[in-house]
Amino acid sequence: MSDHATTATATATATGQRILLEHVTKRYPGQEEPAVADVTLEIPAGSIVMLVGPSGCGKTTTLKMINRLIEPTSGRLLMGDEDVTSIRGDELRRRMGYVIQAGGLFPHMTVATNIGMVPKMLGWSRARIAERVDELLELVSLDPAQYRDRYPRELSGGQQQRVGVARALAADPPVLLMDEPFGAVDPITRQRLQDELLRIQEEVQKTIVCVTHDFDEAVKLGDWIVVMDRGARVVQYDTPERILADPADEFVENFIGSGAGLKQLTLTRVRDVELRSAVTVPTGSPAADAIRGMRAAGHRHVVVLDERDRPVQWLSERQLGRSETIGHEVDGDLPVVGSGATLNDALDTMLVSSAGAALVVGRRDVFAGVIDVETVMTAITKARESAGATTADAAPIGSTTGSGPVAQGAGS
């Protein structure tokens, strides 16, 4: 498997399960052609697999047949080694998380009640549910004390989507299905939510299947990408690197679109480059001490951290000189990127930063270092030098009747 596909598994043990769709077909009455035509598709355990293709190609139908929101006309579905085709649909859905646009939250329920729905159905105790709610709100970077009793209408679109992800993970399912999860938010929020998903996946290592119409999003998030044509025909199933470097045919080339070389830059993550160090001080520190530390290190800014080592301010000497003590205020415009962000994302963030750089955070938003333009340009040069280099590892199983095996992996 490629470096892109193995980055997350190097930091956590996979808790997801392998999924196999075996000769799955969906026909609707009155339609000559099937919506999904005899698809066999393997989803490796602990991986993010992105389903992409033009509108109406059958990718969402394929996703919904995995949890049987849409019942297949024929074929089998396996989770791990278990054939789940014949079990009750509602039982299967309780074993899988499901995330849609805007989170799909119930407006009359609080955040805590929304998240605790499935655990309650499974008979968890109140204490266990409350503990799990707080744990998940922390995981999606929402303060439990501040958000657990709010209603969806009191949340921003991005916050609703985070709660939707938390609800999907509530019963600790091995599989997470996502249908255009970030399609209804603005570009900046979309980038942050993508980063958040990658950060969460580093911790939980679920098997994630995600439908998107955005190929850039597929490249950023996916360990593997399935490019589909009409009838959910699997045209190419491979790593983002190999699809960009070696498209299977003209259809894939056209779907990738122009600027494939630039898309290669989305394959390099912030965590893959060497970060700059920074002078850090806790909130409430004497400003004079911060200035002395900054001057001694030859830096022009000081990063202010809260009690959980999360960056809340990034102050210059001029700003520090305005008061004797550094306050506890949180700068809402702080240029922050996650360690799972791409170099393109980092550059976008730097463009709006007065410091010409960005603060990098890791798990639970803990400060990790600083990335600047020079660091990014060095990484871009290295990426260009190695562009087109691929590994020989086989992709998972992916085929459609009449097309032959598109990718044949070790699970075949």
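The model is predicted; local features need pLDDT of at least 70, side-chain atom pairs count only at pLDDT 80 or more, and totals for chains, interfaces and linings use all residues. Residues are numbered from 1 along each chain as its sequence is written, and side-chain values use heavy atoms, with hydrogens and water left out.

Start with strand β1, residues 19-26. Helices (H or I, at least four residues) and strands (E, at least two) are DSSP runs, numbered from the N terminus. Six of the eight residues of β1 are buried, so the strand is largely enclosed by the rest of the structure. Buried means under 20% relative accessible area, exposed over 50%, and partly exposed in between, with a 1.4 Å probe and protein chains only. Two strands pair if DSSP finds at least two bridges between them. β1 has five bridges to β4 (residues 74-79), and the two run antiparallel. Here E22 stands opposite R76. Five bridges also join β1 to β2 (residues 36-43), again antiparallel. L20 has E42 as its bridge partner in β2.

Next come the charges over rings. The criterion is NZ of Lys or CZ of Arg within 6 Å of the ring centre and within 35 degrees of the ring normal. The charged end of K26 sits over the ring of Y28, 5.1 Å from its centre. R128 lies over the face of W124, at 3.6 Å from the ring centre.

G116 is found in the loop between α4 (111-115) and α5 (117-121). G116 is buried, at 5% relative accessible area. Leaving aside neighbours within four places in sequence, G116 is in contact (heavy atoms within 4.5 Å) with I129 and V133.

Last, the aromatic rings. Rings of Phe, Tyr and Trp (its six-membered ring) pair if their centres lie within 6.5 Å; planes under 30 degrees apart count as stacked, over 60 as edge-to-face and the rest as tilted. The structure holds two aromatic pairs. F215 and F255 have ring centres 6.1 Å apart and planes at 85°, so this pair is edge-to-face. F215 lies in helix α10 (residues 215-221) and F255 in helix α12 (residues 250-256), so the pair ties together parts 40 residues apart in sequence. F215 is buried, with a relative accessible area of 5%. W224 and Y237 have ring centres 6.4 Å apart and planes at 75°, so they too are edge-to-face. This pair links distant parts of the chain: W224 is in strand β9 (residues 224-229) and Y237 in strand β10 (residues 233-238), 13 residues apart. W224 is buried at 1% relative accessible area. Y237 counts as buried at 1% relative accessibility.
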